[in-house]
Structures are given as structure tokens and as C-alpha cells.
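Subject: Structure for your review

Dear colleague,

Please find below the structure that I am handing over to you. My findings follow directly after it.

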Amino acid sequence: MSKNKHAELLVIGAGPGGYAAAFRAADLGKKVVLVDRDKVMGGVCLNRGCIPSKALLHITKVMDEADSLSKMGVTYGKPKIDIDAIRTHKDKIVSQLNNGIASMAKARKVEFVQGSAAFESESSVEVKTGNEAQSISFDQCIIAAGSSSAMLPGVPKDNKNILTSKTALDLENIPKTMLIIGGGVIGVELGQVYATLGSKVSLVEFLPNIIPGADQDIVKPLERKLKKQFDSIMLGSKVVEISEKKNGLLSVKIEKGSNTDVFDYEKILVAVGRKPNTSYLNLKATSIAVNKQGFIDVDNYQRTSVSNIFAIGDISDNPMLAHKATHQGKVAAEVACGEPSIFDPKAIPSVVYTDPEVAWCGLTETQAKEDNTPYSKAEFPWAASGRAIAVGANQGKTKILFDDESKTVLGVGIVGPSAGDIISEGMLAIEMGSDAEDISLTVHPHPTLGETFALTAEVFDGTITDLYIPKK
Ligand code: NAI
């Protein structure tokens, strides 16, 4: 083993958290080495997650919109699907972004090492690349090693018809039938992709609702659409057994209360959550503390229990979201470089990139009720928005929760096209401490879906042109 490399700052993991940390530290003058198991930078988000799934969701959204044009007087024929060309298109987007990150790393003189890093001590890691191994010593380290798909116990191992989000995005083929286990973000996003491409999709969710983290009023329009697109949605149900049949199909026993049904599927996508990648890092060579959920314990500066080692992103806490990791990565890099910085956001936005999109941030009504937090609510139904009607988005809704006394924004929930873009205005309102008047008096362009945010604040103020609110 050669012992030839030293990094002032070593970053383990080149996902959106890791490369943001590496680039920020390099900009602040550190000699940075960035290690990743993958040959390319970008992590799960770019290579096997956010970006390829959005490339596919764009295609299926346009297919669906083209179909809905028949109600507006324009009819297309049945789409011809070339799965190889779709895959190539998706891969091209990913590699374009891989190249962009690689060139930014080069410009900043961040050294990229491909290999799997495991701690030897609190100041060095061993990096294995194929049969080769090297030791890299460091002054400081940021762990940004991410998460992997969780598997259900009892699921047959090494069956190529049982997919994770990674293999589902490989888009090997369009199966005739597919069962999605888990009605969270991955389940509904990829379920909608496969259903639009032609698979008969069924979804099984353990809890009584899909997207359980969001308020169900903003999930309902999506659920109504999925009910039309999917063969079935089995809520409050659990998979108790999966077996492989001689004909290659997967036989799945699903239990709901005292009822048990057995169905056959060509493929199964397991989307029941993700787990932090702590087990690959040989953390026992350090005194880094890991909590009961398997996350590395950090403080608000992203520092672990070992003062020269930081952890950020999926490996340090929920929610497992790229934008949270990026912000934490920059904080860790700045603190490592002696800059005053802290991870202290008032909220972190969540977006489900389906059609319609569902987005929320800050306090949800469900949470408020659980915690007895007082709030006032204003809602603007998109059925009263000219733009929403023109684009066939009448089912949408914008909802803002306000603090009773200060009238500032506590939380926002939006469902409809571009909800994931409009939610940024909610985030800004929360971070800036804007009150209802700040929002309603801000001139929004008409006709846009974004103006529903200001119209919701008008509803709260009690006077709005586009709706009649009877006097109390
Ligand atoms: P998730 O936590 O969002 O959803 C998992 C779902 O599976 C939950 O609704 C849970 O109740 C259900 N479940 C668990 N065990 C089950 C069982 N045995 N049978 C049936 N249902 C079961 O996890 P998901 O969708 O796998 O996503 C993982 C992570 O990736 C999440 O943390 C998410 O934030 C992130 N992600 C975010 C995206 C976005 O922001 N748009 C897109 C994709 C992933």
C-alpha cells in the first residue's frame, strides 16, 4: 500500500453535498481531495436519482399532456415508445452534468480519487480502487457518503425482477405488470413513469395514505390522478411474502387487516425508504458517534463527536434531500475553513415531482394538530385562477398556514403543475419572516400559477377580487 497523499480537507462522497463542500472549501483556499466509489461525480442524485428520474418524468408528463390535448381540439396518435432511445436520452443528460462537475472540480484544483474510503484512524482513510489501495491522510474530513435503498426482509435476493430506484431508472424494459412497494416519493414518481410508459402498475402502502409526510388535502389531487393511471392502490396493506414462480413471475402475498390476497407481477420496485451508508466506513476506527437510527451524530456546525471530522447530507439526518445536503456541505466546508457558519434553516422544502406536483415546507397541518400548535389557514383553489383553468390545472391548490398573532408564514402546501417551483416563494417568506400583507401587497405577474401564492395571502387578509368571501 502506498502512503502518498495528504489532504488538508478530505471529502468522502461526491454527491450534491460532497462536491458542494469540496468546491466551497477549495474556493476558501483549502487543498481538497474528493473521494467517491463511483467513477464519476454527482452521487445518487445526479447518477441514479433526482436528475434521471426528472428526465423520465418530463417525458411522461409531456406524453400525458399531449393526450389531454384531445379535450382541447388537438388529437395525436398513440405514442411509439423506443425504450433504448429514452434510456440514451436520459444517460446523455446525466453525462452532460457529470462533465460539468468534473470541469468545475478541475478548475478549482479539487483532486478526485475514485475508490471506496474506510477510516484507518481519525486522521487517515484507506481508499480501495479495484485491487489497489492507498492511504490518504487528512487534517479535516467531511463525510458525505449518502444513503442506499432499504430492502424489505424476506425479499428474494439477486432477482433481477426486483428493482430498487437505481435499477428501475436503468429502464431495462417496460414490464407488463409492476408492483410498487411503498407509496412515498420514489414509489409515486417512478410508478407514474412506468404507468405512463405502459406498465400496469399496482402500489401497496403500509400506511393509510400515500406520501404520508404531506397534508392529505394537497396529496388528494395526485392520488385521484394516480387512481386513474394505476391498476390499483392498496393502502393500509403490507407485503408478507414474495416468491419466485417457475414462469419467472413474482407471486406476492398482500395482507390488509384479516384479508390476504395473492397477485403475480413481472417486476417489483421496492421503495420503502433509504438507510444511511455508515456501515462501509469502518467508523469503529474512530470515536464518531452514530445514533439509534444509524445516522452520524452532528451539531449545528455539522461537526461529529470527533472535532476534525464533519458529516453532512443523508448520512447525518433526515430528510434525505439533495438541497439539504448541499447547504450542510457548504456549512461544514466554511466551518472547516474557520468561517462563521451554521446550519440553521427555518424550513426545508419537499417536492414530489409527479404530475401534478406536490410541494410543502415548514409546518404542516398534520404536525400542527399533533403538537397543538395554533395557526390560521388560507387556501386558494386553482379553479379560480384563469391561468390554471387555461392549462387544465383546476385541481390545484395553494395553502398557507399563518401565525395567529404575527401573521407570518408558518407553512405552505401546494399541489399543481410547478408547485415545486412556487414553493420557493413560501420558503423565502418563511426565512424572511414575511407576513400576509408583505405577500399580498407584492405585485405578482398575471396570469401565472405563482400569483396563487399572493392570492392565498389575500384570502387570509379577507378580501380578494377572484373569490367572494362572505363577511364574518
Ligand atoms: P419514503 O420514506 O418517502 O417512502 C417510503 C414509503 O414506504 C412510506 O410511505 C412507508 O410507509 C412505506 N413502507 C415502508 N415499509 C413498507 C412495507 N413493508 N410495505 C408497504 N409500504 C411500506 O421513501 P422512498 O420513497 O423510498 O424515498 C427514499 C428517500 O429518498 C426519501 O427520504 C426521499 O426524501 C428521497 N427522495 C426524494 C425525492 C424528491 O425529493 N422528489 C425523490 C426520490 C427520493
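In this predicted model, residues 24 or more positions apart account for 63% of the contacts in the protein chain with a separation of 6 or more. A contact here means heavy atoms within 4.5 Å.

**The chain as a whole**

The secondary structure of the protein chain consists of 13 helices and 22 strands. The C-alpha trace spans about 75 × 65 × 45 Å along its principal axes.

Of the 472 residues, 49% are buried. The accessible surface of the protein chain amounts to about 22600 Å², and carbon and sulfur atoms hold 52% of that surface. As for charge, there are 52 positive and 57 negative side chains, and the centres of these two sets are 6 Å apart.

Helix 4 covers residues 83–107. Its 25 residues should span 36 Å at 1.5 Å a residue, and this agrees with its end C-alpha atoms, which are 36 Å apart. Which residues of helix 4 are buried? They are Ile-83, Ile-86, Lys-90, Val-94, Asn-98, Ile-101 and Ala-105. The elements that cover these buried residues include helix 1 (16–27), helix 2 (43–48), helix 3 (50–68), helix 5 (165–169) and helix 6 (185–197).

Asp-91 also lies in helix 4. This residue is partly exposed, with a relative accessible area of 39%. Asp-91 and Ile-51 are 40 residues apart along the chain, while their C-alpha atoms are separated by 9.9 Å.

Helix 1, one of the elements covering helix 4, has 12 residues. From its first C-alpha to its last it reaches 16 Å, close to the 16 Å expected at 1.5 Å a residue. Because 9 of its 12 residues are buried, helix 1 is largely enclosed by the rest of the structure. Among the buried residues are Pro-16, Gly-17, Gly-18 and Phe-23, together with several alanines, including Ala-20 and Ala-26. Just after helix 1, Gly-29 takes a positive phi of about 100°.

Is Gly-426 buried or exposed? Gly-426 is buried, because its relative accessible area is 0% and the limit for a buried residue is under 20%. This glycine is found in helix 11 (residues 419–432). Leaving aside residues up to four places away in sequence, Gly-426 touches Cys-361, Val-412 and Phe-453. Gly-426 and Val-409 are 17 residues apart in sequence, and the distance between their C-alpha atoms is 7.8 Å.

Gly-130, by comparison, is exposed, with a relative accessible area of 69%. Its place is the loop between strand 5 (124–129) and strand 6 (132–143). Gly-130 and Leu-207 are 77 residues apart in sequence, and their C-alpha atoms are 42 Å apart in space.

**Backbone details to examine**

Most residues other than glycine have a negative phi, and most peptide bonds are trans. The following places in the chain may be read against that background.

- Asn-372 has a positive phi of about 55° although it is not a glycine. Asn-372 lies in the loop between helix 9 (365–371) and strand 20 (376–381), and it is exposed, with a relative accessible area of 68%.
- Lys-407 has a positive phi of about 60°, and it is not a glycine either. Lys-407 is in the loop between strand 21 (397–402) and strand 22 (409–415). Lys-407 is partly exposed, with a relative accessible area of 36%.
- The peptide bond from Asn-318 to Pro-319 is cis, with omega near -5°. Pro-319 is placed in the loop between strand 17 (309–311) and helix 8 (322–336).
- The peptide bond from His-446 to Pro-447 is cis, with omega near 0°. Pro-447 is found in the loop between helix 12 (436–440) and helix 13 (451–461).

With kind regards

Note on methods:
Residues numbered from 1 in each chain as written. Predicted model: local features only at pLDDT ≥ 70, side-chain atom pairs only at ≥ 80, totals over all residues. Heavy atoms only, no water. Helix = DSSP H or I, 4+ residues; strand = E, 2+ residues; numbered from the N terminus. Buried < 20%, exposed > 50% of the residue type's maximum accessible area, 1.4 Å probe, protein only. Areas by Shrake-Rupley, 256 points an atom, 1.4 Å probe, with all protein chains shown as cover. Lys, Arg positive; Asp, Glu negative; His and termini not counted. Charge placed at Lys NZ, Arg CZ, Asp CG, Glu CD. Expected span 1.5 Å × (residues − 1).
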